Amino acid sequence: MVIAIDLGSNTFRVALIKKVQNGFSNEQIYEKIVGAARGLNESGKIGFEAKNRLFEAIAEAKSKFDFAKFKCVAVATEAFRVASNSEEIFSEIREKFGINFHIIDGQAEAKLTFLGVQNALRKLGINDKFSLIDIGGASSEIGEGGKFISFKFGIITFYERFKALDLMQENAKIYTKEAREFLTSLDNRLIVLTSGVPTTIAALKLGLKYESYDPKKVSGYELKNDDLAWFINELLKMDDKSADVAVGRSRKYPLIAGTLLLKELLNGQEAKFIVIDDGLREGVGAAYLKDIFQEIITKF
């Protein structure tokens, strides 16, 4: 077994991954919103508050998982690829918590996420060829098989750049133009949606609140185009306190931003859309247990 960590531009996710007969399974999971990309557009750095939230999340994870017993493999993504103080933060994490983070590029991130999603689909009995969309906090990965592109837009950076709903609506199509063209070039009979935006849409449609979120119920949910407009309207009807309960603290507007981006990407796609909770975290664990992790992060 291995402890796999995905430190995204918004969320810190940990899982104890075990090899089983039909692939890999999560024996234990943990996640927390740390918002690493908040303020990144302006400062070019991981902010002091984001760093504190991250350190608190790591301390919580260390109290829940047996880091002394199991190997830990940790990766960090776009916010840490571009922040000027990433190495300083990871040096402090190594010293304080004994965890070594690999800052991986967009291609490696996409490949590892693909592995995690592929494993989850197989457990659901789905073995079809699929395309992948992963809208993160500061970047978005799209592709299929060995063909992936990492695009420089994400829900936190997009929201912080525009903030006003009308500006986000105006710019979502512009920001996703190249990604939409690339997605259209793929064989899209099945498009798998992973990351916080589609999983939260599915959860709310299923009547789940943030605290009652269940990845097993969410994975396999078939998302319809109408769900996106419904989700935005539901959030806009909620006051901030109600939204905090429904979708998590301070997530209302970044989620609206991400849904607008996703809406543009899926516009005109004649495909089936399946939501999967598993992603990069699970792919990291699977790749390590298959002994291909180092090859993937070095190759891409």
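The largest cavity is lined by Ile17, Phe24, Ser25, Asn26, Asn119, Lys123, Asp278, Glu282 and Ala286. Strand 3 (23–33), helix 5 (106–123) and helix 14 (280–289) are the elements that each give two or more residues to this lining. Strand 3 has the largest share, three residues. By class the lining splits into three nonpolar, three polar and three charged residues. The space inside is about 40 Å³. A search of the whole structure finds one cavity of 30 Å³ or more. The model is a predicted one.

The largest pocket holds about 850 Å³ of space. Its lining counts 44 residues, and those closest to its centre are Thr11, Arg13, Glu31, Ile33 and Gly196. Which elements supply at least two residues each of this lining? They are strand 2 (11–20), strand 3, strand 6 (131–135), helix 9 (196–205), helix 12 (240–247) and helix 14. Helix 9 provides the largest share, with six residues. The classes here are 17 nonpolar, 14 polar and 13 charged.

The second largest pocket has about 360 Å³ of space. It is lined by 13 residues, and the closest to its centre are Asn26, Lys123, Pro215, Lys216 and Asp278. Asn26, Lys123 and Asp278 are also among the residues that line the largest cavity. Strand 3, helix 5 and helix 10 (215–218) each supply at least two residues of the pocket lining. Strand 3 gives the most, four residues. This lining has four nonpolar, four polar and five charged residues.

Now the helix packing. Two packed helices are described by the angle between their axes and the distance between the axes. For helix 2 (residues 48–64) and helix 4 (residues 86–97), the axes come within 12 Å and cross at roughly 30°. Angles under 35 degrees count as roughly parallel, so helix 2 is roughly parallel to helix 4. The crossing of the two helices is right-handed. On the helix 2 side, Lys51, Leu54, Phe55, Ile58, Ala59 and Lys62 make the contact. Helix 4 answers with Ile89, Glu92, Ile93, Lys96 and Phe97. What classes of residue form this contact? Seven are nonpolar and four are charged, with no polar residues.

Conventions: Residues are numbered from 1 along each chain as its sequence is written. This is a predicted model: local features need pLDDT of at least 70, side-chain atom pairs count only at pLDDT 80 or more; totals for chains, interfaces and linings use all residues. Side-chain values use heavy atoms; hydrogens and water are left out. Axes are lines fitted to C-alpha atoms, for helices over the stretch in contact, and angles run from 0 to 180 degrees between N-to-C directions. Angles under 35 degrees count as roughly parallel, over 145 as roughly antiparallel, 65 to 115 as roughly perpendicular and the rest as oblique. A crossing is left-handed if the near helix is turned anticlockwise from the far one by less than a right angle, and right-handed if clockwise. Contact means heavy atoms within 4.5 Å. Ala, Val, Leu, Ile, Met, Phe, Trp, Tyr, Cys and Pro count as nonpolar, Asp, Glu, Lys and Arg as charged, and the others, Gly among them, as polar. On a 1 Å grid over the protein atoms alone, a cavity is a set of points where a 1.4 Å probe fits but cannot get out, and a pocket is an open set with protein on both sides within 12 Å along at least five of seven lines; lining residues have an atom within 4 Å of a point. Grid points are joined across faces, edges and corners, and a volume is the space filled by probe spheres set on the points.
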